[in-house]
Amino acid sequence: MAETDHARPLAPARDHSTSDDEEALQSKQRRRRRIKVCGCVTAGFLLLLVIVIVILAFTVFKVKDPKVTTNNITLTNLDLIINQFPTPQVKLNMSMLVDMSIKNPNAASFKLGNTTTTVYYHDVAVAEARTPPGIAKARRTFGMNVTVDVMADRLASSPDLVADVVRKGEMTMNTYSVIPGRVKVLFVKKHVEVRMNCTVIVKISSRAIQDMICERKVKL
């Protein structure tokens, strides 16, 4: 008896559409992971950059007040004439040299404006001098010398002049300097005004300044 040929089942056809969808899905997931990784790295870098900028802003680049010092005040000229008759009279010509220094502790230059130095005798202004603008470089000390010529007529009009010169032999005077300026570090700009007030005693016999006491004030 001849064998009956049975029909063999065909092998299932491969679902190409499903395979392509899976590969597309996996590719999309890989792209998303790469985007997430890149985003995390970028965010971390930006955060680190912000932290570094903040640290530098409060340390290296922090805006600091300049330190102004009056090193010395000297007499460059003192001509004195005393007349006793008929009444005591004093004629006095005087010039002073005010030696100041400005230390800039900042990481940027400190721009100085016009500096004004006024000399007072018993609360009356007897001299004034102006110094042109300048620049104190970063972390450097800027020297400033101011020559002040005292006005003889204003001194002569003071009722205390004869007593101070003839009887006491000394004069108490004040120098008052106003130093405006501006410093800019990164995006921070700061205006500063330094005021220096010095009290000096001028000895008539030695024609020199004996004592000097200075006070500094900073106005923001």
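**Close-up views of a predicted model**

Strand β9 and strand β10 (residues 208–219) are joined by 11 bridges and run antiparallel. Strands are counted as paired if DSSP finds at least two bridges between them, and the elements named here are DSSP runs, with helices being H or I over at least four residues and strands being E over at least two, numbered from the N terminus. The model is predicted, so that local features need pLDDT of at least 70 and side-chain atom pairs count only at pLDDT 80 or more, while totals for chains, interfaces and linings use all residues. Residues are numbered from 1 along each chain as its sequence is written, and side-chain values use heavy atoms, with hydrogens and water left out.

**View 1. The hairpin of β9 and β10.** This hairpin has four residues between its strands, and Arg207 takes a positive phi near 50° in it. Across the pairing, Lys203 stands opposite Ala208 in β10.

**View 2. The antiparallel pairing of β8 with β9.** Strands β8 and β9 pair in the antiparallel sense over 16 bridges, and they form a hairpin with two residues between them. Leu186, in the turn of this hairpin, has a positive phi of about 55°. Val185 stands opposite Val188 in β9.

View 3. The structure holds five salt bridges, a salt bridge being a side-chain nitrogen of Lys or Arg within 4 Å of a carboxyl oxygen of Asp or Glu. In one of them the side chains of Lys203 and Glu170 meet, at 3.4 Å from N to O; this pair links distant parts of the chain, with Lys203 in strand β9 and Glu170 in strand β8 (residues 170–185), 33 residues apart. Glu170 is partly exposed at 25% relative accessibility, where buried means under 20% relative accessible area, exposed means over 50%, and partly exposed lies in between (1.4 Å probe, protein chains only). The side chains of Lys190 and Asp65 also meet in a salt bridge, at 3.2 Å from N to O. This second pair likewise links distant parts of the chain, since Lys190 lies in strand β9 (residues 188–203) and Asp65 in the loop between α1 (16–58) and β1, 125 residues apart. Lys190 is partly exposed, with a relative accessible area of 21%, and Asp65 counts as partly exposed at 30%.

**View 4. The salt bridge of Arg195 with Glu193.** Arg195 forms a salt bridge with Glu193, and the closest N and O atoms are 2.8 Å apart. Arg195 counts as partly exposed at 29% relative accessibility, and Glu193 counts as partly exposed at 21%.

**View 5. The open sheet of β1, β2 and β7.** Three strands form an open sheet in the order β1-β2-β7, with antiparallel pairing. Strands β1 (67–83) and β7 (141–150) stand at the edges, each with a single partner strand, so one side of each is left without a neighbour in the sheet. From one strand to the next the twist averages 10°, with axes taken as lines fitted to C-alpha atoms, for helices over the stretch in contact, and angles running from 0 to 180 degrees between N-to-C directions. Helix α3 (residues 161–168) packs on the sheet and touches β1 and β2, its direction making about 90° with that of β2; contact here means heavy atoms within 4.5 Å.

**View 6. Bridge partners along β2.** Strands β1 and β2 pair in the antiparallel sense over 15 bridges, and a hairpin joins them through five residues. On the other pairing, 10 bridges join strand β2 (residues 89–103) to β7, and these strands run antiparallel. Ser95 in β2 is the bridge partner of Asn77, and Ser95 also stands opposite Asp149 in β7. Asp99 stands opposite Asn145 in β7.

View 7. His122 lies in the loop between β4 (115–121) and β5 (124–131) and has a positive phi of about 50° although it is not a glycine. Asp123 lies in the loop between β4 and β5 as well, and its phi is positive at about 65°, although it is not a glycine. His122 is partly exposed, with a relative accessible area of 38%, whereas Asp123 is exposed, at 76%. Asp164 lies in helix α3 and is buried, with a relative accessible area of 5%. Leaving aside its neighbours within four places in sequence, Asp164 is in contact with Tyr121, His122, Gly169, Glu170 and Met171.
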